[in-house]
Amino acid sequence: GAAVNPHTIQTQKSLLTHHYNSITAENEMKFVSVHPDEERYTFEDADKLVNFARENGMKMRGHTLVWHNQTSDWLFLDQYGRLVDDNTLFSRLKSHIETVVGRYKNDIYAWDVVNEVIADTGDDLLRKSKWTEIAGEAFIAKAFELAHGADPDALLFYNDYNESNPHKREKIYH
């Protein structure tokens, strides 16, 4: 597979269709890209990737539903700019996942549900983020539960980097 964006599917179409049978959204399905405001979704770029995969007989992997980075600030904040409680966070996450995963249920075979939550160094298991500040580690299982509910047939993954580092690999396993 290859990570792609709207530019690469236009400029590298022959390379992609000749050498790859699966593509993954580079940034176009990240929270801030598809859900920048609480009441607004922007699917145009994600739709371009899904349509390209469908038209070229390729599998499509969604990336990513939960990440400490590239997540819209409104998800974590109330109307006064204070952090929301975990129930509010989970309610908003549920709406987001049901909308995004539901939209692509027939086109995306796998989702990177949770991305890069493991701390790179030190003894902390999880990376410090607004997710952990509000919900502790509970958001991880909740995200997988919600994604499974939105598409019971999709393969669901945890995604990270440097998993070849023994210390980080053990944290991921834990």
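Glutamine 70 counts as partly exposed, at 27% relative accessibility. The model is predicted. Glutamine 70 is found in the loop between β3 and α5. Its phi is near 50°, a positive value in a residue other than glycine.

**Backbone geometry**

Asparagine 162 also has a positive phi, of about 60°, although it is not a glycine. This residue lies in the loop between β5 and α8 (166-173). Asparagine 162 is partly exposed, with a relative accessible area of 45%. That value falls between the 20% limit for buried and the 50% limit for exposed.

A cis peptide bond runs from histidine 63 to threonine 64, with omega near -5°. Threonine 64 has its place in strand β3.

**The loop between β3 and α5**

Leucine 77 is found in the loop between β3 and α5. At 24% relative accessibility, leucine 77 counts as partly exposed, because buried means under 20%. Beyond its neighbours within four places in sequence, leucine 77 is in contact with Arg82, Leu83, Val84 and Arg92. Leucine 77 and leucine 89 are 12 residues apart along the chain. Their C-alpha atoms are separated by 8.8 Å.

**Helix α5**

Helix α5 covers residues 86-103. Its 18 residues should span 26 Å at 1.5 Å a residue. The end C-alpha atoms are 25 Å apart, which agrees.

In α5, the buried residues are Leu89, Phe90, Arg92, Leu93, His96, Ile97, Val100 and Val101. They cover an arc of only 165° around the axis, so they sit on the same side of α5. Arg92, one of these buried residues, is also a contact of leucine 77.

What do the buried residues of α5 pack against? Their partners are α3 (31-34), β3 (59-67), β4 (108-115), α6 (130-135) and α7 (138-150).

**Helix α7**

The 13 residues of α7 should span 18 Å at 1.5 Å a residue. The end C-alpha atoms are 18 Å apart, which agrees.

Phe139, Ile140, Ala143, Leu146, Ala147 and Ala150 are the buried residues of α7. Seen down the helix axis, these residues fall within an arc of 135°, so they line one face of α7. On the other side of α7, Glu145 and Gly149 are exposed.

The buried residues of α7 pack against β3, α5, β4, α6 and β5 (155-159).

**The nonpolar core**

In soluble globular proteins, nonpolar side chains tend to be buried together. Here the largest nonpolar core has 47 residues. Those with the most contacts inside it are Met29, Met60, Leu65, Tyr104 and Trp111.

Leaving aside its neighbours within four places in sequence, tyrosine 104 is in contact with Met29, Phe43, Ala46, Asp47, Val50 and Trp111. Met29 and Trp111 are themselves among the residues with the most contacts inside the core.

**Aromatic rings**

The structure holds five aromatic pairs.

| Pair | Centre to centre | Angle between planes |
|---|---|---|
| Tyrosine 41 and phenylalanine 43 | 5.4 Å | 5° |
| Tryptophan 131 and phenylalanine 139 | 5.3 Å | 25° |

Phenylalanine 43 is buried, with a relative accessible area of 10%. Tyr41, Phe43 and Tyr104 form one aromatic cluster. Phe43 is also among the contacts of tyrosine 104.

**Charges over rings**

Two charged side chains sit over aromatic rings. The charged end of arginine 61 sits over the ring of phenylalanine 157, 4.2 Å from its centre. The charged end of lysine 168 sits over the ring of tyrosine 161, 3.7 Å from its centre.

How values were computed: Residues are numbered from 1 along each chain as its sequence is written. This is a predicted model: local features need pLDDT of at least 70, side-chain atom pairs count only at pLDDT 80 or more; totals for chains, interfaces and linings use all residues. Side-chain values use heavy atoms; hydrogens and water are left out. A nonpolar core is a set of buried Ala, Val, Leu, Ile, Met, Phe, Trp, Tyr and Cys residues joined through side-chain atoms within 4.5 Å. Buried means under 20% relative accessible area, exposed over 50%, partly exposed in between (1.4 Å probe, protein chains only). Contact means heavy atoms within 4.5 Å. Rings of Phe, Tyr and Trp (its six-membered ring) pair if their centres lie within 6.5 Å; planes under 30 degrees apart count as stacked, over 60 as edge-to-face and the rest as tilted. A charge sits over a ring if NZ of Lys or CZ of Arg is within 6 Å of the ring centre and within 35 degrees of the ring normal. Helices (H or I, at least four residues) and strands (E, at least two) are DSSP runs, numbered from the N terminus. The expected span of a helix is 1.5 Å times one less than its number of residues. The arc is that of the directions from the helix axis to the C-beta atoms.
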